[in-house]
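Student: I have the structure open and want to go through a few spots in it. Can we start with the charged pairs?

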Amino acid sequence: MVQTPIEKKVSKVEKLKERSNFLREPLLSELQQDTTHFTEDATQILKFHGSYQQDNRDHRVSGQEKDYQMMLRTRSPGGFIPPELFLALDRLAEEYGNHTLRITTRQGFQIHGILKQNMKTVIKTILNNMGSTLSACGDVNRNIMSPPAPFKNKPEYQYAFKYANNIADLLNPQSGAYYEIWLDGEKAVSVEEAPEVKAARQSKGRGMIIENSPEPIYGEQFLPRKFKICVTVPGDNSVDVYTHDISLVVMTNKKGELQGFNVLAGGGLGRTHNKEETFARISDEIGYVDRADIYDLVKAIVATQRDYGDRTNRRHSRMKYLIHDWGVEKFKAKVESYFGKELKPYKKLPAWQYQDFLGWHEQGDGNWFFGIGVENGRVKDEGAFQLKTALREIVQQLNLPMRLSPNHNIILCEIAPEQKATVENILNNRGIITDPQAIEPLTRYSMACPALPTCGLAVTESERALPGITDRIRTLLNKLGMVDEHFVMRMTGCPNGCARPYMAELGFVGSAPEKYQIWLGGTPNQTQLAQPYEQKMSVDELETFFEPIFVFFKQGRKSKESFGSFCSRVGFAAIRNFAENYTLGSYMDMDTDTTTQPKFRKNQRRVSVPDHLFPRLKEIAEKEGRPMNQIIADALSDYFSKSKEA
Ligand code: SF4
């Protein structure tokens, strides 16, 4: 058993993992029982097999059993979905699921709505069609991300995809429990592991491996918490590079030959409201390793988190907290002690850019790829919009693979020039927008998590709410004369942050029913953490809340400055001050007069309040039912009269 160096009482989940016989029990026994759902203990183990037990929260009735169903998530490194897997998932969603597929923000597919009794059939079908769900959830390495563009003439893109696959294989659980349970011990139809992966698994390092264990990398308690990795290329931030436990950047020479990898570590976004010890964190640049050392380096980092990550408090168990608590230098030194050598200095990189690869692109080998924007990642048929049917028809007719993007879009790959018209015709006939410029840009760059009705952690809507909120924000921007304005918006139904709202220019994080914490200050290329501006914005107040902020941005932005960069540059005190003194509707009135200055209430002047005083001021204003500026005016008048007396 792997033990934390300082023995403390480990969390309940740690004991469950240890007792599970390497992820078998009590799942295996309960699967054979004629029940509608798993016990809490089995659901914890089920996660490692790629599934969450959920219930349809729209169907909850007091006193009645919940409408239990399972969500299944695919393990799809780099978002690769072979044609046979897409067709299988499409069929399974119809026969056993809720008739839709959901693209995740880590480049996998989710099927929702599967009954317990059908789980074995569904997982077996996925396994027999070049897919897997193993370790798509749970305290293990999750789906490894890489840029979804299948450029054949840019070797760095090929390397990123290859290493995403190989590292995913390296960190796959090894005990065989998954195949025993879902395939009755048969071998799955899958691509053979690369010989270099098999060799890398044997490499012992200095304590990286747990000898004589069925799980040499993880041990019987696996990792303290989920673990996320991406592999990208210099300058391509389609993967949200700062948000992973480990991010690797492939470094090539001028001839396009792989030399090594820049390494970042310690990113992670999940947090809990009102728990200051939990926070979103972006990763640190920790160094560079040569190509030959990459697998050992990954294993050394995983071993560090395995042996020193917090197993007593799951809220504090992601590797980001280990790095935060230790500091980067101590963390690096510990990794190097497993690795057996020092990391080299991080190499200079070009600026990061966000790319979504929508529309037509040449692959570089004579074929093309085509990116389709998928609102909120939901693949469905609804009225004239029939994305699910369109994809089925395209894949059936042309046998094309696809790559899922980290922004929950789809990229159809390997399209021969003579097939382009067929792809476009099918999409057009099924009501899908094929011109990326015709997609509302607020929608194009937005993301939302599934939240209600399936996610048990959601405190409010996300996927179902974002389209309406986007419409209202567009209407408001248009009224303010900001017709061409757009920015990155992301929404989640709880602070876990599955759609990475803390990197958005405008992030909505569910904080109560119909209420959102508002985060401002991320950048269009996702390189800067946003900050919480408001704790509970009611959906009803959306327009009145954002109007002054957008007006301030319009008036105060520098040339081409983005909304998020503006918010970060001017600071929240200035935004609040402007909003406090702004008269709603005044800018719209003036805009029609082509006036550029905002109207302020007569006889008022603007005064800034330091950020740390603002929450207290707001609290008093709400408690006493008085405007904030009135409270400040009263306090100042009191102060002045006392100074006079003195
Ligand atoms: Fe569920 Fe929260 Fe993740 Fe949304 S962010 S899917 S509500 S856990």
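Student: How many salt bridges does the structure hold?

Tutor: The structure holds 35 salt bridges, a salt bridge being a side-chain nitrogen of Lys or Arg within 4 Å of a carboxyl oxygen of Asp or Glu. Before going on: this is a predicted model, where local features need pLDDT of at least 70, side-chain atom pairs count only at pLDDT 80 or more, and totals for chains, interfaces and linings use all residues. Residues are numbered from 1 along each chain as its sequence is written, and side-chain values use heavy atoms, with hydrogens and water left out.

Student: OK. Which residue forms a salt bridge with K388?

Tutor: That is E94, with the closest N and O atoms 2.4 Å apart. K388 lies in helix α12 (residues 387-398) and E94 in helix α4 (residues 83-95), so the pair ties together parts that are 294 residues apart in sequence. Helices here are DSSP runs of H or I with at least four residues, strands are runs of E with at least two, and both are numbered from the N terminus.

Student: Is K388 buried or exposed?

Tutor: K388 counts as buried, at 1% relative accessibility. E94 is partly exposed, with a relative accessible area of 34%. Buried means under 20% relative accessible area, exposed over 50%, and partly exposed in between, using a 1.4 Å probe and protein chains only.

Student: And what does R314 meet in a salt bridge?

Tutor: The side chain of D139, at 3.0 Å from N to O. R314 is in the loop between α9 (294-308) and α10 (319-326), D139 is in the loop between α5 (119-127) and α6 (155-170), and the two are 175 residues apart. D139 counts as buried at 3% relative accessibility, while R314 is partly exposed at 23%. Both also belong to a network of salt bridges that links E14, K17, D139, R311 and R314.

Student: What about R500, where is its partner?

Tutor: R500 forms a salt bridge with D240, the closest N and O atoms being 2.6 Å apart. D240 sits in the loop between β6 and β7 (246-252), R500 in the loop between β18 and β19, and 260 residues separate them. Both are buried.

Student: Which side chains does R271 make polar contacts with, then?

Tutor: Y502 at 3.1 Å and Q517 at 3.0 Å. A polar contact is a pair of N or O atoms within 3.5 Å; within protein, one must be able to donate a hydrogen and the other to accept it, and residues adjacent in sequence count only if both atoms are side-chain atoms. R271 itself is in the loop between β8 (258-265) and β9 (284-290).

Student: Last topic, the sheet. What is the strand order?

Tutor: The order is β17-β18-β19-β20-β21, an open sheet of 5 strands with mixed pairing; strands pair if DSSP finds at least two bridges between them. The edge strands, β17 (447-448) and β21 (531-538), each pair on one side only. Strands β18 (residues 489-492) and β19 (residues 506-512) pair in the parallel sense over 4 bridges.
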